[in-house]
Amino acid sequence: MEYTKDILGDGYEVAYISQPSDYSGEVRCAAVRKQCAGAVRAVLYVHGYSDYFFQKEMGDAFVSAGYAFYAVELRKYGRSLLPGQKMFQVRDLREYYADIEAALKAIEADGIEDVALLGHSTGGLTSALFVAERHPRAVSVLMLNSPFLAWNLPAVLRKFIVPAVGAIGRKLPWLPVHQPADAGYAQSLHANYGGEWNYSRDWKPDVMPDPDSGWIGAIDSAQKELARCRIDIPVLLMHSARSAHRGDGPEAYYSADAILDVESISKAGRGLGPDVTEAVFEGGLHDLVLSRPSVRREVMDVMLRFLAEHPGEHQKG
């Protein structure tokens with residue numbers, strides 16, 4: 001596998017991995033890494049929806065603590081996007097398993113056998129289902145940053161409309177599903193609006209694009225399947241203390257989860273398995289590592305402490 005200098009610079013490298021073509025044609029994923037001399041454990045990050053890996057501060061913090069850091073850019077996202085592809089398109093979250101497995105093989109090729117899997121939002125849902133169904137030996141712990149384990153919708157929509165749209169998606173997966181535009185979350189992040197972060201707004205749009213019915217069905221099916229599974233490795237479940245809601249003032253978007261319902265995350269997450277550690281962060285954003293400095297420092301401290309308390313097999317004894 002050939003790595004080249006990544007757009008993040010500062011020791012980050014990227015390798016592109018071709019995957020078998022799917023219903024939209026040629027696909028690939030990307031493995032981003034920052035190596036750590038002498039590291040015997042790696043953290044593998046899986047990004048969320050309408051997203052890609054740009055959280056360099058997080059990666060640097062893991063490397064400084066002695067972990068090699070990797071991020072997988074899933075097919076049709078960010079670095080992996082190919083001309084003519086519809087961004088973020090998926091019909092079954094299991095399509096991403098091959099991308100995660102490719103990243104795990106890349107880590108193994110670098111001589112590291114133990115991996116902590118870290119997933120954010122839809123990446124958290126995908127990571128949790130991957131571990132529950134595949135549970136590769138290389139994954140010793142699962143860390144979830146505001147995982148999309150449940151819909152942030154009224155009960156009637158969750159119980160009736162979403163399954164109906166998902167059923168349509170099995171026959172008409174390209175059918176767009178309109179959602180109200182809301183740039184509040186982006187405005188709490190990007191430096192152009194007063195946030196702290198510079199990232200590609202082509203790869204992470206201010207307003208999330210309308211998903212199609214196939215995506216709705218993929219998420220709904222994954223959530224239901226995961227609820228029937230059990231994860232036996234240690235799980236760190238992280239989320240904000242509160243959610244922001246449409247109509248809240250601008251300050252709410254700087255100190256709450258503006259995407260998902262934190263109570264639903266908590267309820268679904270606590271049932272993932274017998275060893276779940278829940279961490280709640282006052283003032284946390286949806287992507288906790290993009291929160292205000294004091295909050296994201298706390299988030300990193302919690303993750304590093306969790307890793308230290310749950311060593312891989314090579315670290316025990």
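Let me start with helix α9, residues 293-309: its 17 residues, at 1.5 Å a residue, should span 24 Å, and the end C-alpha atoms are 24 Å apart, so the two values agree. The expected span here is 1.5 Å times one less than the number of residues. Helices (H or I, at least four residues) and strands (E, at least two) are DSSP runs, numbered from the N terminus.

Before going on, this is a predicted model, in which local features need pLDDT of at least 70 and side-chain atom pairs count only at pLDDT 80 or more, while totals for chains, interfaces and linings use all residues. Residues are numbered from 1 along each chain as its sequence is written, and side-chain values use heavy atoms, with hydrogens and water left out.

Back to α9. Which residues of α9 are buried? They are Val295, Arg296, Val299, Met300, Val302, Met303, Phe306 and Leu307. Buried means under 20% relative accessible area, exposed means over 50%, and partly exposed is in between, with a 1.4 Å probe and protein chains only. As background, an α-helix has 3.6 residues a turn, so residues three or four places apart point the same way. On the other side of α9, Arg297, Ala308 and Glu309 are exposed. The cover over the buried residues includes β4, α1, β6 (114-120), β7 (139-145), β8 (235-240) and β9 (276-281).

Next, the aromatic rings. A pair of aromatic rings is described by the distance of the centres and the angle of the planes. Rings of Phe, Tyr and Trp (its six-membered ring) pair if their centres lie within 6.5 Å; planes under 30 degrees apart count as stacked, over 60 as edge-to-face and the rest as tilted. How many aromatic pairs does a search of the whole structure find? It finds 16. One of them joins tyrosine 23 and tryptophan 174, with centres 6.2 Å apart and planes at 80 degrees, so this pair is edge-to-face. Tyrosine 23 is in the loop between β2 (13-22) and β3 (25-34), and tryptophan 174 is in the loop between α4 (155-171) and α5 (184-189), so the pair ties together parts 151 residues apart in sequence. Tyrosine 23 is partly exposed at 27% relative accessible area, and tryptophan 174 is partly exposed at 45%.

Phenylalanine 53 and phenylalanine 69 form a tilted pair, 5.2 Å centre to centre with 40 degrees between the planes. Phenylalanine 53 is in the loop between β4 (41-46) and α1 (56-64), and phenylalanine 69 is in strand β5 (residues 68-73), 16 residues apart. Phenylalanine 53 is buried, with a relative accessible area of 0%, and phenylalanine 69 is buried, also listed at 0%. One aromatic cluster is formed by Tyr49, Tyr77, Phe88, Tyr96, Phe148, Trp151 and Trp215.

Some rings have a charge over them, meaning that NZ of Lys or CZ of Arg is within 6 Å of the ring centre and within 35 degrees of the ring normal. The charged end of arginine 33 sits over the ring of tyrosine 3, 3.6 Å from its centre. The charged end of lysine 204 sits over the ring of tyrosine 199, at 5.9 Å from the centre.

Now a few single residues. Arginine 41 is in strand β4. Is arginine 41 buried or exposed? Arginine 41 counts as buried, at 1% relative accessibility. Its side chain makes a polar contact with the side chain of aspartate 114, at 2.5 Å. A polar contact is a pair of N or O atoms within 3.5 Å; within protein, one must be able to donate a hydrogen and the other to accept it, and residues adjacent in sequence count only if both atoms are side-chain atoms.

Leucine 125 is in helix α3 (residues 122-133) and is buried at 0% relative accessibility. Leaving aside neighbours within four places in sequence, leucine 125 has contacts (heavy atoms within 4.5 Å) that include Leu93, Pro147, Phe148 and Ile219. The C-alpha atoms of leucine 125 and phenylalanine 148 are separated by 5.5 Å, and the two residues are 23 apart along the chain.

Last, serine 146 is in the loop between β7 and α4. Serine 146 has a positive phi of about 50 degrees although it is not a glycine, and serine 146 is buried at 0%.
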